[in-house]
Amino acid sequence: MAERASASEEPADGSDSSESPGSDRMPRWLPRALLLAFVLLGAYQLTDWAAHKLFGLFTMMLVAFFVSLAMEPAVDMLAARGIGRGWATGAVFVILFGCVAGFLAALVTLLVQTVTNLLRELPRLLNELVDFVNHHFHQHFTTDQLRDRLLHDSNILSGYAERAANNVWGLSSTILGGLVQFLTIALFSIYLTADGPKLRRTICSLLPPQRQATVLHAWDLAIGKTGGYLYSRALLAVISAVAHWVFLAILGLPNALALGVWFGVVASFVPTVGTYIAGILPILVALTIHPIDALWVLGFVVLYQWFQDYLLQPRITARTVDVNAAVALLAVLAGGALLGAVGALLAIPATATVQAFLSEYVTRYEVAEDPRIERDEHRSRWRLPPGRAGAGPVAGAPGSDGDPESKGGNESGGQGTGEGDERAGTGDGNERTADGDDTSS
């Protein structure tokens with residue numbers, strides 16, 4: 001019986017019982033799973049390494065793409081007049097580079113003159129500051145004491161100078177790297193703009209016919225929004241530069257034109273904080289000439305910014321980049337968090353493009369007039385009830401001609417009879433108003 005029981009425990013196919021699911025041997029799928037996991041981990045590490053190495057190049061290509069989108073309307077306009085696309089692209093970018101070079105030249109000249117004037121006027125400013133402190137705070141400081149204090153703490157100044165000398169090479173490398181990036185972006189922008197039709201044809205050749213129209217439509221939206229953003233900002237910069245130039249010239253500040261150009265460009269093209277950055281330089285210049293003029297400059301900057309944000313900018317950008325102010329601020333913050341200053345600069349045209357693209361494919365429905373939408377107590381208090389006898393329909397209210405619910409309401413349109421009107425097919429009870437009329441609920 002024992003031999004018969006042991007024989008019955010052996011597998012019928014003659015295989016070893018140690019390979020049963022309950023045995024301690026490694027499953028056959030485990031080595032393949034481990035190998036696949038190591039392969040995927042290696043691929044992830046390689047992709048992460050390549051992404052970090054190519055992140056700068058990706059950013060430059062993104063900027064170049066948006067620059068080409070912004071320049072394409074001008075190139076298309078010149079090409080439509082019979083100018084070759086290559087020549088048209090060259091002419092547009094020469095004008096663009098000339099504007100950038102003129103701005104940088106004016107900025108460098110302005111900075112050099114401002115620093116020179118500040119150093120020349122620094123003793124006078126220190127004397128006025130010491131006199132102000134002594135007069136208002138009843139102190140007895142002198143400029144000699146301040147100079148002795150600086151000489152006594154000369155080790156701090158020498159430490160700053162030593163660190164600055166050590167950072168000269170790093171600053172030079174940063175400037176050289178920025179120049180290389182600028183030339184790279186310019187080169188790719190020229191190629192993308194000149195070969196725009198070829199690029200679109202190549203991309204469309206990789207897609208089925210039903211997808212090609214969608215891609216081309218999205219491309220047109222991106223061109224329109226990006227170009228509109230650039231041109232509207234350029235117009236705002238010109239208006240701002242002229243306004244500040246005139247005001248600074250009235251105050252008698254030196255280099256009023258250069259200061260106006262500086263303020264117009266920085267305040268218009270640097271999102272969110274551009275106005276505050278642009279206002280620093282004119283205020284410093286005013287402090288070196290007449291300190292009270294700094295307050296006038298600050299007041300004018302605040303007033304003009306209010307005028308631009310609430311009156312000028314909405315009218316200029318209404319047809320080009322119509323983005324809600326809160327959405328624009330959120331987009332700028334998100335773009336800055338992702339790509340830094342470049343992302344903050346490109347966030348608004350990218351958001352406008354996505355918003356315009358989605359608005360054409362997202363279904364929207366008509367919203368009936370309802371006092372709960374606006375919640376205006378004053379207007380709802382004097383609005384007549386729907387279907388009230390003795391009064392015509394209120395425009396925009398339920399029961400008017402423009403409201404879908406007015407159909408089947410008060411059809412007589414005559415004077416009131418004291419009886420409440422009934423809506424056809426409703427069967428709801430009537431509700432008595434304060435003056436005794438009956439209205440449908």
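Of the 441 residues in the protein chain, 25% count as buried, in what is a predicted model. Among contacts between residues at least 6 apart in sequence, 60% join residues that are at least 24 apart.

A search of the whole structure finds three salt bridges, and Glu72, Asp76, Arg85 and Arg200 are linked by such bridges in a network. Glu72 takes part in a bridge with Arg85, at 3.3 Å from N to O; because Arg85 lies in helix 3 and Glu72 in helix 2 (residues 29-80), this pair ties together parts that are 13 residues apart in sequence. Glu72 also forms a salt bridge with Arg200, where the closest N and O atoms are 2.7 Å apart, and this pair links distant parts of the chain, since Arg200 belongs to helix 7 (residues 196-205) and Glu72 to helix 2, 128 residues apart. Both Arg85 and Glu72 are buried, and Arg200 is buried as well. Arg85 in turn meets the side chain of Asp76 in a salt bridge of 2.8 Å, N to O, although Asp76, at 33% relative accessibility, counts as partly exposed.

Definitions and conventions: Residues are numbered from 1 along each chain as its sequence is written. This is a predicted model: local features need pLDDT of at least 70, side-chain atom pairs count only at pLDDT 80 or more; totals for chains, interfaces and linings use all residues. Side-chain values use heavy atoms; hydrogens and water are left out. Buried means under 20% relative accessible area, exposed over 50%, partly exposed in between (1.4 Å probe, protein chains only). Contact means heavy atoms within 4.5 Å. A salt bridge is a side-chain nitrogen of Lys or Arg within 4 Å of a carboxyl oxygen of Asp or Glu. Helices (H or I, at least four residues) and strands (E, at least two) are DSSP runs, numbered from the N terminus.
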